Every structure is written in C-alpha cells, then in structure tokens.
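Visitor: Please give me one close look at how the parts of this model touch.

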Amino acid sequence: MKESPEIAAEFSFEKEKLIAKSFSQRFQWEMILIGLGQAALWLSLWPLVLNGLLDLWVGFFIASLCACFAYLPSHEAQHGNYSRGNPKLRWLDGLVGHITLITLKFPYHILRITHMKHHAYTNDPERDPDYANAHNTSVLKVIKNVLDGSTVQFDKYLEVFQNDKAFVNSFHQAIPIALFYKAAPLVMVIIFPFETLLLWWLPAKIGSVYTTVFFSYYPHLGTTTGRYQNTRFWSHWMPRFFNHSMQLHFIHHLHPGIGHYDEPKAVEALKPFLVARKVPGADKIPDRVTLNPLINT
Amino acid sequence: MLVEKFLNHISNWGKLWFGLIFLGSIFNEILEKFNILSGSSYAWGLAFGLGALIGLTAKIRGAWL
C-alpha cells in the first residue's frame, strides 16, 4: 500500500497490519455457538408450537430474536474467519454460513460474494451491492425497502460482475438454495398458515430489517470512498450489545480477519493509528471500550 | 433452458404467486379462525382472490409497498 507522506512512520500500514493480525488468530467459537444455536432453537420452535407446548406468539418472539442473531455468524464465515486459511477447516465456514441463514431465508453463497464486493467497492454507486441501503435518505426508507424486498438486487449485480467468473459461478451455485427458500414457505403456508407466517416469514423480515439498518445503513451513513473514509464510528442510544457492536464496524472494514468479539480490543490498540489517519469519529473513541454508548458524540 | 425459463417466470410472476398462495392461505385461515363467512363457499374464493389481487397489484406496481 502506498503511504501518504503525512503519516508518521510509527503509524505505517505495516505496523497497523501487524497489530490487526494479532487479533485475527483466535478461534471464533462464540460465533459458531450463536449461529448453530439460534438455528437449532428456531427449528425446535416448530415441533413445540405445532404440538401446543409453546404459544405461537412466544414462538414468534423467539424466532424474531433468532433472526436478529442469524446474520453475523454467517458474516464471519463469509470472511473465512472460522477456518482462518486452513483448508482442512473450510467446511466449517460453509457449515455455519449455510445453517445460520436458514432463519433469514438467504442463500449463503450469494451473501458471501455480494459481501466481498461490498468490501472491495464500498460506497461505489455502481459496484457496491450495499450502496442503496447505506446511502438512503432516512432509516424509514431503508426499512420500507427491506420489507418490500427491493434492497435485494442480486440480478443487477450479476450483470455488473458478469465478467467475474468466480462471482457468476458462486451465484449459480446459490440458485437451488434460493429457490428452496422461495418455495418452502409457499408449501408450508398451505399446511401451517399462521406458523409459517409467525415463525419464519415475519421473523425473517424483522431480522433482515435489523441487519440492514445496523450492519449496513448506520455504519456507512454519510461516508465516502477510501480505505479510511468508507465506514465510520458512530453512537446510538441502544446499548451496543443490542446492535451487535456495529458501532465498531469500521475496524471490520479495515481488517476483516479480526474476530467480531475481538474488535473492541483491536479498536483500543489501533486507536492512535485511526486518529492519525483522520478516520471519521476516531478521535471520540474511549481509551477503553467497555460501557455504552460506545462513543459519546 | 428449463431452469432459466423457470427463473424468469419466478422473477416476472413471483409477486402474483406469493399473493395467491401465501397471502391467500393466511387470509383463508383468518376467515376460518374468526368464523367469518363460515360455511360459505365464497370464503375460500374471497381469501385466495384477495391474495391474488394484492399480488397482481404488486406485480403491476413493481413493488409491494
């Protein structure tokens, strides 16, 4: 990476990378537990509700919570943060990535390739698949678009990246699963109408809204292009554990290999680097990332 | 190719199918649960017809909301 002459040698990219690497080694067992756990819990709701052992509305509440926890474990898998470059563990990325997304009804392969493009072209209006979310004019419009399904423009990006063979192959690989997620609720709703609505369809919508608003809209709101400018640190009234600490999303964009639960420590260690690079909101990062809200602005 | 034709059909008419099958089933269940038009043969047609109509409207508008 070409270094700006304004950056002192002590804050060089090489040194930043070295620190980031020290937070990118740990096995992400918590995320595997959350991913597989929420999917198992969600699946168990069906026999419990259908046999009258659990009230449908309680099931709806639990299923909605599961849906809100469903994306992040898949996101770690998309970055290969379970296998960490070990080919013998790559199956773990696929396993967690696929299973956890059952609740949200999204095919893992499509989310993986579009997310890689989001990292490569963050805030590029033509090539960033998350651009429409992050650059919408209000959170209500984002919510409306997610409920409407119009934020999912996979066809458009298949055209944009038609010359990228790996992208096209992964896209085609995802089609059977995408069709399954379209067909399964249509079959199930005939047999179990309210259960399909309240245990799967509506929770998946709620989870998608939650994920889009906190993972895509707020972290990129008002940002531009460039490694140190395309994401921001931000504050929110909600305790940070309720929004999956997405106030720290910046550090993920900088070094995607850092495990989600290691991000607070990485932010503390890298704070001087981020301030030197004039990262939006970095000067307001507390020296110790402990309490909520994360950053008081 | 058959798969491609199927995907095109889903892409073009997915909203209508969703309205007819998904929303129709939900409306039908609501009518049954609350005993609205119970025993009437119109209930089934009304529920699935309304679902299909909403789906068709969404298809024409190009958006649900």
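Predicted model: local features only at pLDDT ≥ 70, side-chain atom pairs only at ≥ 80, totals over all residues.

Guide: Two residues are in contact if their C-beta atoms, placed from the backbone, lie within 7 Å. Residues are numbered from 1 along each chain as its sequence is written, while chains are lettered from A and ligands numbered from 1, in the order written.

Start with the scores. The predictor gives the complex an ipTM of 0.89 and a pTM of 0.90. Chain B has an average pLDDT of 88, and 98% of its residues score at least 70.

Now look inside chain A. Eleven residues of domain 1 of chain A are in contact with eleven residues of domain 2 of chain A. On the domain 1 side, two residues are nonpolar (Ala, Val, Leu, Ile, Met, Phe, Trp, Tyr, Cys, Pro), nine are polar (the others, Gly among them) and none is charged (Asp, Glu, Lys, Arg).

Next, find two helices (DSSP runs of H or I, at least four residues, numbered from the N terminus). They are H2 (residues 29–50) and H4 (residues 90–100) of chain A. Their axes, lines fitted to C-alpha atoms over the stretch in contact, come within 8 Å and cross at roughly 40 degrees. H2(A) and H4(A) are therefore oblique to each other. H2(A) passes H4(A) in a left-handed crossing: the near helix is turned anticlockwise from the far one by less than a right angle. H2(A) brings A:Ile32, A:Gly35, A:Leu36, A:Gln38 and A:Ala39 to the contact, and H4(A) brings A:Val96, A:Ile99 and A:Thr100. Five of these residues are nonpolar, three are polar and none is charged.

Now move to chain B. Here 13 residues of chain A are in contact with nine residues of chain B. On chain A, helices H7 (139–148), H9 (165–191) and H10 (193–220) each supply at least two residues of the touching side. H9(A) gives the largest share, five residues. That side of chain A has eight nonpolar, two polar and three charged residues.

Zoom in on H9(A) and H1 (residues 2–33) of chain B. Their axes come within 9 Å and cross at roughly 25 degrees. H9(A) uses A:Lys182, A:Pro185, A:Leu186, A:Val189 and A:Ile190, and H1(B) uses B:Ile10, B:Ile21, B:Phe22, B:Ser25 and B:Ile26. By class, the contact has eight nonpolar residues, one polar and one charged.

Note on methods
Axes fitted to C-alpha atoms, helices over the stretch in contact; angles between N-to-C directions. pLDDT = per-residue confidence, 0-100. Parallel < 35°, antiparallel > 145°, perpendicular 65-115°, else oblique.
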